[in-house]
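Here is a short report on one protein chain. Read it with the sequence and the model side by side.

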Amino acid sequence: VQQRLRNASIHAFEPAPRTFEILRTNVGLYGPDVRLHNCDVADKDTEAIFTFYPRSTVFSTFHANADDDTQAIRAVVLNSLEKASAETGASVEAFADEFLSSRLEKQEVVTRIRTISSVVKENDIDRIDLLKVDAEKSELAVLRGIDGHVWRIIRQIVIEVHDQEGPVLAEVLGLLREHGFEATVEEEDALRGSGLYNVY
């Protein structure tokens with residue numbers, strides 16, 4: 001974003017301490033004006049236990065479920081290997097099992113949580129051109145932490161939704177429409193069957 005819009009004001013949130021340090025290094029190299037927040041975003045200002053997966057960091061979450069998380073990662077691995085296996089005849093299932101064997105070793109850390117509304121107030125933000133939410137099963141909590149005034153200053157949103165069964169996606173879409181947004185849902189080929197959707 002900063003390469004295209006030099007004057008953009010960016011706020012980045014990361015709850016996991018180890019990943020936050022990598023984010024800090026990255027921002028130091030490529031985005032010196034980005035404001036960093038070592039916390040999560042949800043529906044109230046509090047603290048909670050965060051489950052960090054060092055070998056599958058993108059699946060780290062406040063809502064860890066070993067079965068669901070394994071199923072999601074397995075679907076992504078199988079989709080990624082599908083084409084290669086057709087060409088080589090390799091056993092995709094065996095490779096997926098091997099790949100997953102230590103992927104969900106976890107660490108738990110107590111992490112601070114903020115609402116979007118409290119961050120907006122604290123930083124005197126009067127417009128949000130793009131709100132990107134990738135919060136590993138906390139997307140509804142993030143949206144519920146936005147009050148009426150803040151909804152009115154958001155121009156567009158991109159959300160990754162985790163939903164194996166269907167009700168979370170429906171509720172996210174309902175909230176967006178309630179606040180005047182038009183929404184489109186996409187499921188990437190690589191994420192097919194993982195329960196991961198992108199909402200624009």
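## Surface and burial

The accessible surface of the chain comes to about 12000 Å². Carbon and sulfur atoms hold 48% of that surface. Accessible areas come from the Shrake-Rupley method with a 1.4 Å probe, and for residues only the protein chains shown count as cover.

This is a predicted model: local features need pLDDT of at least 70, side-chain atom pairs count only at pLDDT 80 or more, and totals for chains, interfaces and linings use all residues. Residues are numbered from 1 along each chain as its sequence is written, and side-chain values use heavy atoms, with hydrogens and water left out.

Of the 200 residues, 39% count as buried. Buried means under 20% relative accessible area, exposed means over 50%, and partly exposed lies in between (1.4 Å probe, protein chains only).

## Fold and contacts

The chain has seven helices and nine strands. Both are DSSP runs, numbered from the N terminus: helices are H or I with at least four residues, strands are E with at least two.

Residues 24 or more positions apart account for 68% of them.

## A buried loop residue

Thr61 sits in the loop between strand S4 (46-52) and helix H2 (66-88). Its relative accessible area is 1%, so Thr61 is buried. Thr61 and Phe50 are 11 residues apart in sequence. In space, their C-alpha atoms are 5.9 Å apart.

## Two positive phi values

Asp124 has a phi near 50°, a positive value in a residue other than glycine. Asp124 belongs to the loop between helix H4 (116-122) and strand S6 (131-133). This residue counts as exposed because its relative accessibility is 69%.

Glu136 also has a positive phi, near 45°, and is not a glycine either. Its loop runs between S6 and helix H5 (139-144). Is Glu136 buried or exposed? Glu136 counts as buried, because its relative accessibility is 8%.

## A negative patch

Glu186, Glu187, Glu188 and Asp189 form a negative surface patch. Patch residues have over 30% relative accessible area and no salt bridge; like charges are joined within 9 Å, and nonpolar side chains (Val, Leu, Ile, Met, Phe, Trp, Tyr) within 5 Å. A salt bridge is a side-chain nitrogen of Lys or Arg within 4 Å of a carboxyl oxygen of Asp or Glu.

Glu188 is in the loop between strand S8 (185-186) and strand S9 (196-199). Glu188 has 42% relative accessibility, so this residue counts as partly exposed.

Definitions and conventions: Lys, Arg positive; Asp, Glu negative; His and termini not counted. Charge placed at Lys NZ, Arg CZ, Asp CG, Glu CD. Contact = heavy atoms within 4.5 Å.
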